[in-house]
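Please walk me through this structure feature by feature, with the general idea ahead of each case.

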Amino acid sequence: MALPINIDDLIHGQTVEWERLEFKQGWNPEDIIHSMCAFANDLHNWGGGYIIIGIAEKNGQPILPPTGLQQNQLDNIQGEIIKLAHKILPNYFPICQPYVLQGKHILVLWCPAGDNRPYTAPSTLGANGQRHPYVRVGSRSIIARGVTLTRLQELTARIPFDDRVNNQATINDFDLATIQAYLQEVKSDLYAESTKLTLEELCRTMHIAKGATEDIRPVNVGLLFFSKEPHNFFPRTWIELVWHQDDSGKKFKEYYFKGPLHEQLKNVFSFLQSNIIGEQVMKAEGRALSARFNNYPFNAIEEVISNAVYHKSYELGSPIEIQVWKDKIEILSFPGPVPPVNAEILSTQKRIVAREYRNRRIGDFLKELRLTEGRGTGFPTIYKAMEENGSPEPIFKTDEQSTYVLVTLPVHPLSLVSDQASDQAANQVKVNIFSTLDDIIAFTNGATNQVSDQVSDLVSDQVKSIVVKEFGDKILQVLEFVEVNDRSRVEILAHIGLTNHTKNKQKYIDPLLNIGWLALTIPENPKDRNQKYKLTNSGKLLFQLINH
């Protein structure tokens, strides 16, 4: 019976992290029982893992095309796996499925996280084997010792909420059409088989129901994804969006996104793309190319909201809240991050790999649907999307008790151009206008004063940061000094505390002259004793940008 995943994506590590995959060229029962035990113990609550037999590996990566197994080996190996399962205590049975990949037979063992940790396995299958608990460290299965063993023992009888049996529901609360639509979307071979299976068989195969046949019950993650109304089982399990029409906080529109988790995400993304996310173009006079930027990069929004759905607690009756303001989008979820991630780490580090996860099954379903990234990639994705769009950095907050996570995505600075700005400046939105010095030079050499008058303080800070980084903070004093009156070189240097004898004194005037922000008052005779410097129109525009 097929597994509820896409095998090609699995083998290429596209939907499951490499640490959760183990490739075996041939049948090696001793190594395999240790990995089965390690995946069952699921030290980090990652959701177990997969052992693929018939594919060699190098440095944890599969070597393709596969070596493959002989067809007459498959039944024998599956029988041996059952024997190995009985050697693990408590007994633990992975789900086995043969596949043909690139014309070769392989065997995939799906090893979900166990419910009865800790599990132990013999160190050797010989007569003198000693029993040990095994865990995954990186891409290896090792014996748990010391602090690692203590951590494993602390997980005894602790099952993440999304993987617990829900005794208040039955498998009839699942919607078969929703399950089949999911399998079809992820291109699982199980979709074709699902029409021939009973609901119980399908649920057991997908590991979304557990228990004896006479009392089989749904697992919480199954209800969250495959029941029509998850909020009937988990109070307020939906996404609330408030769209503020002004800054008063009194004029707003409310929207509720309910249903299976993945449908909530798709619907809220569709709403944001249709109503909130815009594309603008700023066309400066005299420039052939327009600068494009998004008011909010979709990739950042998608990752933040998907992570909120992934990491929130479904034991708490708190929805995910999205507040759309004129100058920012805020996403609030409860509770905060799992230790050791705290407020300082959350707000300062651009890459965070959690030691443990609150939900171990939700992430797998979201990754199969390509609605979230792999483990540890969420923060880099968000920061990169904001940076590439020219937006300010995202802001991540929680409190000392870690009771919430609040993510703020500031709007792109130039999206704050008022409605009265020129059509060239405010009608349309994709890249960063002021990400480099060249962007500033190009803009000041072409944009109108009207545009400059309408830009925000965020733009001012962005331009100032780039100019200071390139030339030093004395440049700001030069611009301000010359803006009042035309000045001589001696006057300018004296104003910033330098003299004609100061080393590298030219770096505070000549670059501005070369760029075109300063000009000579007597251009026909550069060495005239009465020579002074004045701000050009471009220089005046730069000054306005910096001092808005």
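**Reading the features one by one**

A: Just after helix 2, Asp42 takes a positive phi of about 45°. Helices (H or I, at least four residues) and strands (E, at least two) are DSSP runs, numbered from the N terminus. This is a predicted model, in which local features need pLDDT of at least 70 and side-chain atom pairs count only at pLDDT 80 or more, while totals for chains, interfaces and linings use all residues. Residues are numbered from 1 along each chain as its sequence is written, and side-chain values use heavy atoms, with hydrogens and water left out.

Q: What should helix 2 span, and how far apart are its end C-alpha atoms?

A: The expected span of a helix is 1.5 Å times one less than its number of residues. Helix 2 (residues 29-41) has 13 residues and should therefore span 18 Å, which agrees with its end C-alpha atoms being 18 Å apart.

Q: In what order do the 6 strands of the open sheet lie?

A: Two strands pair if DSSP finds at least two bridges between them. Here the order is 14-13-17-18-20-19, and the pairing is mixed. At the edges are strand 14 (252-257) and strand 19 (395-397), each of which pairs on one side only. From one strand to the next, the twist averages 15°.

Q: In which sense does strand 13 pair with strand 14, and in which with strand 17?

A: Strand 13 (residues 239-244) pairs with strand 14 in the antiparallel sense, over 6 bridges, and in that pairing Leu241 stands opposite Tyr255. Strand 13 and strand 17, by contrast, run parallel and are joined by 5 bridges, with Trp243 standing opposite Val324.

Q: What joins strand 17 to strand 18?

A: A hairpin joins them through 3 residues. Strand 17 and strand 18 (residues 328-333) run antiparallel with 4 bridges, and Val324 has Ile329 as its bridge partner in strand 18.

Q: Which residues form the covered face of strand 17, and which the uncovered one?

A: The covered face holds Ile320, Ile322 and Val324, whereas the uncovered face holds Glu321 and Gln323.

Q: Which strands does helix 9 lie across?

A: Contact means heavy atoms within 4.5 Å. Axes are lines fitted to C-alpha atoms, for helices over the stretch in contact, and angles run from 0 to 180 degrees between N-to-C directions. Helix 9 (residues 261-275) lies across strand 13, strand 14 and strand 17, running at about 10° to strand 13.

Q: Is Lys210 buried or exposed?

A: Lys210 lies in strand 11 (residues 209-210) and, at 12% relative accessibility, counts as buried. Its side chain reaches the backbone oxygen of Asp163 at 3.2 Å. Leaving aside neighbours within four places in sequence, the residues in contact with Lys210 include Asp115, Asp163, Arg204 and Asp215.

Q: How many disulfides does the structure hold?

A: A disulfide is a pair of cysteine sulfur atoms within 2.5 Å, and the structure holds 0 disulfides. The sulfur of Cys96 has its closest cysteine sulfur in Cys111, at 7.8 Å, which is too far for a bond. Cys111 is itself buried, with a relative accessible area of 0%.

Note on methods: Buried means under 20% relative accessible area, exposed over 50%, partly exposed in between (1.4 Å probe, protein chains only). A polar contact is a pair of N or O atoms within 3.5 Å; within protein, one must be able to donate a hydrogen and the other to accept it, and residues adjacent in sequence count only if both atoms are side-chain atoms.
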